[in-house]
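Here is a quick tour for anyone new to reading protein structures. Take a look at the fold first, then work through the points below.

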Amino acid sequence: MVIYTLDSISQEFLQLEKINSYYMKISEYDIAIAGGGIVGLATAYQIQREFPSIKIIILEKENALGLHQTAKNSGVIHSGLYYKPDSLRARNCVQGRKELIDFASKYNIDYEICGKIVLATNEDEEKSLEVLKLNGVKNGLKGLKILSPVEFKKIEPKAEGIAALFVPESGIIDYNMVCNKLADLIININPDSKIELNCELLEVKDGYLFSTNGVFKTRHNIFCGGLFSDRLAKKDNVKLDMKIVGFRGDYYRLSDQKKCKVRNLIYPVPNPRFPFLGVHFTRMINGDIECGPNAVFTFKREGYRKTDFSWKDTIDALSFIGTWKLFINNWKFGLNEYRRAFSKFLFLKELKKMIPSLEMDDIIEHRSGVRAMALGYDGKVIDDFKIIKNQNNMHVLNAPSPAATACLAIGREIMNKAASDFNLKSLK
């Protein structure tokens with residue numbers, strides 16, 4: 001570790017308000033991973049495992065790993081049922097699920113392959129089950145079966161509908177445990193690698209990363225910024241044709257007395273016109289039953305409360321033409337989602353479509369998460385993974401669900417691209 005004056009690095013950096021020291025320690029690493037969520041950690045792990053001598057640093061702005069989309073998702077191991085065959089999402093989900101289960105088994109991470117039902121409550125939805133089943137078969141899923149009410153009630157006795165698709169390969173897991181184990185393994189493989197918490201990336205310039213924790217000289221950088229992936233790309237002078245727009249999802253949970261109404265996972269038949277699966281019931285690994293989420297535009301990218309607001313984030317989202325096109329094309333859906341966000345009665349009404357016996361006191365306000373939705377100028381959701389190279393750097397611009405399930409497969413895909421594009425063997 002060498003000490004330099006900032007004048008020898010970047011006069012512009014002196015203008016950054018968060019840095020007021022004239023001297024800064026510069027740490028040198030082969031690769032920096034910006035973002036300590038599950039995708040960033042899995043990427044670092046796959047690189048470190050393949051190239052043990054490479055010195056990696058992970059920069060995370062929070063005081064712990066995986067606090068945002070990783071920790072605030074539904075905790076489900078997705079099967080790969082919904083995704084377009086041969087897409088990156090489909091391939092990585094199916095392969096990643098298998099790897100995730102092996103990883104969890106090897107390192108004693110809490111998980112369970114409990115299966116789920118996709119419940120049809122009318123004839124149109126029943127017809128869609130055949131389409132979903134065929135899609136799942138194309139993606140390599142095993143054991144899919146359309147069940148009659150008599151059959152699916154053996155799995156979920158309180159569910160009501162006219163048919164259901166049984167998906168035996170779905171499950172639940174503790175993604176926080178996955179993140180922590182990945183972090184441990186990275187450092188165990190190479191003790192010279194490092195995870196830097198409370199470290200916000202401020203500027204990317206000429207092979208240096210300027211942060212609130214100092215300056216890092218790197219050969220290559222991989223940005224896995226989640227909700228801030230587009231802003232990190234701009235710091236790296238990437239010209240973007242998309243924008244990240246945040247959508248908050250609110251969850252209720254079943255009261256302790258009513259948790260028996262759901263055994264595992266109950267999903268509705270998704271509406272193909274909308275980029276959300278709809279509210280569903282999820283048994284968490286701790287035994288709680290969560291109900292949700294809805295999906296509403298959030299006025300703050302990390303705004304988990306209904307009243308959270310950021311002028312910067314709001315102006316950023318609403319000045320993008322794609323946001324308005326999304327609103328215009330889906331205004332009825334959006335209005336209904338907002339109504340449910342502020343009405344427990346309407347939220348319950350949606351849940352009762354699948355479990356009619358639920359009552360108002362059975363559901364309790366619980367938590368929320370924010371999903372990073374990548375939009376193009378046309379207002380359409382970019383529904384596949386989007387990874388681009390920019391000179392010596394790589395950007396994961398879009399890693400939608402099932403990114404957590406697929407993390408190890410995505411991490412390997414990024415590692416393979418980096419190995420080829422950046423000749424990682426030369427860094428050994």
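Leu201 stands opposite Ser211 in β12, and that pair belongs to two strands, β11 (residues 201–205) and β12 (residues 208–211), which run antiparallel and are joined by 4 bridges. Strands here are DSSP runs of E with at least two residues, helices are runs of H or I with at least four, and both are numbered from the N terminus. Two strands count as paired if DSSP finds at least two bridges between them.

Keep in mind that this is a predicted model: local features need pLDDT of at least 70, side-chain atom pairs count only at pLDDT 80 or more, and totals for chains, interfaces and linings use all residues. Residues are numbered from 1 along each chain as its sequence is written, and side-chain values use heavy atoms, with hydrogens and water left out.

**Hairpins around β12**

- The hairpin of β11 and β12 has 2 residues between the strands, and Asp206 takes a positive phi near 50° there.
- On to the next strand: β12 also runs antiparallel to β13 (residues 214–223), with 4 bridges between them.
- In that pairing, Leu209 stands opposite Phe216 in β13.
- A hairpin through 2 residues makes the link from β12 to β13.

- Buried means under 20% relative accessible area, exposed means over 50%, and partly exposed is in between (1.4 Å probe, protein chains only).
- In a regular strand, side chains alternate between the two faces of the sheet.
- β15 runs parallel to β6 (residues 116–120), and 4 bridges join them; Val118 has Tyr267 as its bridge partner in β15.
- With β16 (residues 280–283), β15 pairs in the antiparallel sense over 2 bridges, and the partner of Leu265 in β16 is Thr282.

**A three-stranded sheet**

- An open sheet of 3 strands has the order β4-β9-β5, with antiparallel pairing. Its edge strands are β4 (76–77) and β5 (111–112), each of which pairs on one side only.
- Between β4 and β9 (residues 171–173) there are 2 bridges, and Val76 stands opposite Ile172 in β9.

- How far does α1 reach from its first C-alpha to its last? The 13 residues of α1 reach 18 Å, close to the 18 Å expected at 1.5 Å a residue. The expected span is 1.5 Å times one less than the number of residues.
- Most of α1 is covered, as 11 of its 13 residues are buried, including Ile38, Leu41, Tyr45 and Ile47.
- Tyr175, Val178, Cys179, Leu182, Ala183, Leu185 and Ile186 are buried in α5. They sit on the same side of α5 because they cover an arc of only 165° around the axis (an arc of the directions from the helix axis to the C-beta atoms).
- Asp174 caps the N-terminal end of α5, with a side-chain oxygen 3.0 Å from the backbone nitrogen of Asn176.

**The largest nonpolar core**

- Of the 46 residues in the largest nonpolar core, Ile31, Ile38, Ile47, Val178, Leu182, Ile222 and Leu424 touch the most other members. Such a core is a set of buried Ala, Val, Leu, Ile, Met, Phe, Trp, Tyr and Cys residues joined through side-chain atoms within 4.5 Å.
- Among the elements that each supply at least two residues of this core are β2 (23–34), α1 (38–50) and α5 (175–189).
- Leaving aside neighbours within four places in sequence, Ile47 is in contact (heavy atoms within 4.5 Å) with Ile31, Ile54, Ile56, Ile222, Met415 and Leu424.

**Two buried aspartates**

- Asp230 is found in helix α6 (residues 229–235) and is buried, with a relative accessible area of 2%.
- A polar contact of 2.7 Å joins the side chains of Asp230 and Arg301. Polar contacts are pairs of N or O atoms within 3.5 Å; within protein, one must be able to donate a hydrogen and the other to accept it, and residues adjacent in sequence count only if both atoms are side-chain atoms.
- Asp308 lies in the loop between β18 (296–297) and α7 (311–318) and is buried too, at 12%.
- The side chain of Asp308 makes a polar contact of 2.9 Å with that of Arg305, and one of its polar atoms lies 3.1 Å from the backbone nitrogen of Tyr304.
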